[in-house]
Amino acid sequence: MSDFFQEVDEEVRREKAELFWKKYQNVIIALAALIVLATAGWRFYQFYQQRQAEEAGAAFETAITLTREGKDAEAEKSLVELAARAPAGYRAVARLRAADIAAKRDAKAGLAAYDEIAADGSVDATLRDAARMRAAYVAADIGDAADFARRAEPLAADGQPFRSSARELIGAKALEAGDLDRAAKYLDMIVTDDGAPPATRQRADLLLGLVRSGKPSQG
């Protein structure tokens with residue numbers, strides 16, 4: 001008797017399954033097709049992204065080679081074009097390198113390019129800080145003391161990734177201008193910073209020697 005009830009139960013289940021299939025087969029097939037298409041689409045997207053990155057990398061290397069060969073105009077044009085179509089990472093680096101070339105050609109054009117990168121929230125924070133630091137170097141060469149201080153001093157604050165470079169630059173410019181107290185302040189910040197690169201600390205220590213030799217003796 002138990003076998004009979006088991007067979008009946010299986011038959012009922014089979015009928016329910018057939019009814020369910022007849023009712024929802026189109027939906028099930030559509031969902032299965034969507035899963036297959038989504039998987040294929042993702043695979044294609046990954047392939048496309050890799051291909052784009054490889055092409056951008058090759059174009060970037062070509063532009064760098066042009067720079068080394070002294071063909072700055074061609075390199076800048078190539079980098080600007082790359083920045084307009086490359087994946088995000090290469091786009092930002094290409095913009096930064098193009099700004100470097102622009103700064104060599106025209107300091108004000110370079111500053112504008114660096115400022116544009118620094119103000120772009122879509123660019124990685126480290127690259128934005130790098131743009132600010134490079135702008136500070138250009139401003140130091142231009143000779144506008146107020147603009148240079150406005151750009152460099154925030155970068156020299158504790159915790160900033162380029163603080164050692166900014167402090168060294170400020171110290172060197174102050175020493176050049178004969179402002180020994182200001183030079184000593186920023187150079188000493190490097191020497192006492194355990195996070196400063198050893199080479200930068202060594203240069204700062206040497207410059208501090210120049211500062212001390214230029215200061216009048218106390219007492």
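Reader: Which residues are buried in H8?
Author: This is a predicted model, in which local features need pLDDT of at least 70 and side-chain atom pairs count only at pLDDT 80 or more, while totals for chains, interfaces and linings use all residues. Residues are numbered from 1 along each chain as its sequence is written, and side-chain values use heavy atoms, with hydrogens and water left out. Buried means under 20% relative accessible area, exposed means over 50%, and partly exposed lies in between, with a 1.4 Å probe and protein chains only. By that rule, the buried residues of H8 are Leu180, Ala183, Ala184, Tyr186, Leu187 and Ile190.

Reader: How far does helix H8 reach from its first C-alpha to its last?
Author: Helix H8 covers residues 180–191, which makes twelve residues. The expected span of a helix is 1.5 Å times one less than its number of residues. The reach of H8 is close to that expectation, and its value is 16 Å.

Reader: Which helices are included in what covers the buried residues of H8?
Author: Cover is judged here by contact, which means heavy atoms within 4.5 Å. Among what covers the buried residues of H8 are helix H6 (145–155), helix H7 (163–177) and helix H9 (198–214).

Reader: How many helices and strands does the chain have?
Author: Helices (H or I, at least four residues) and strands (E, at least two) are DSSP runs, numbered from the N terminus. Read along the sequence, the chain follows the pattern α-α-α-α-α-α-α-α-α. The count is therefore nine helices and zero strands.

Reader: Is leucine 169 buried or exposed, and what is its relative accessible area?
Author: Leucine 169 is found in helix H7, and, leaving aside residues up to four places away in sequence, it touches Met133, Ala136, Tyr137, Ala140 and Phe148. One of these, alanine 136, is 33 residues apart from leucine 169 in sequence and 8.6 Å apart in space, C-alpha to C-alpha. Leucine 169 counts as buried because its relative accessible area is 11%.

Reader: Why does aspartate 120 count as partly exposed?
Author: Aspartate 120 lies in the loop between helix H4 (107–118) and helix H5 (125–142), and it touches Arg95 and Arg128 when residues up to four places away in sequence are not counted. Its C-alpha atom is separated by 9.8 Å from that of alanine 92, which is 28 residues apart along the chain. Aspartate 120 counts as partly exposed because its relative accessibility is 21%.

Reader: Which residues lie nearest the centre of the largest pocket?
Author: On a 1 Å grid over the protein atoms alone, a cavity is a set of points where a 1.4 Å probe fits but cannot get out, whereas a pocket is an open set with protein on both sides within 12 Å along at least five of seven lines, and lining residues have an atom within 4 Å of a point. Of the 13 residues that line the largest pocket, those nearest its centre are Ala145, Phe148, Lys173, Ala174 and Ala177.

Reader: How much space lies in the second largest pocket?
Author: Grid points are joined across faces, edges and corners, and a volume is the space filled by probe spheres set on the points. The largest share of the lining of this second largest pocket, five residues, comes from H3. The space in the second largest pocket is about 150 Å³.

Reader: What share of the residues of the chain counts as buried?
Author: Among contacts with a separation of 6 or more, residues 24 or more positions apart account for 46%. Of the 219 residues of the chain, the share that counts as buried is 31%.
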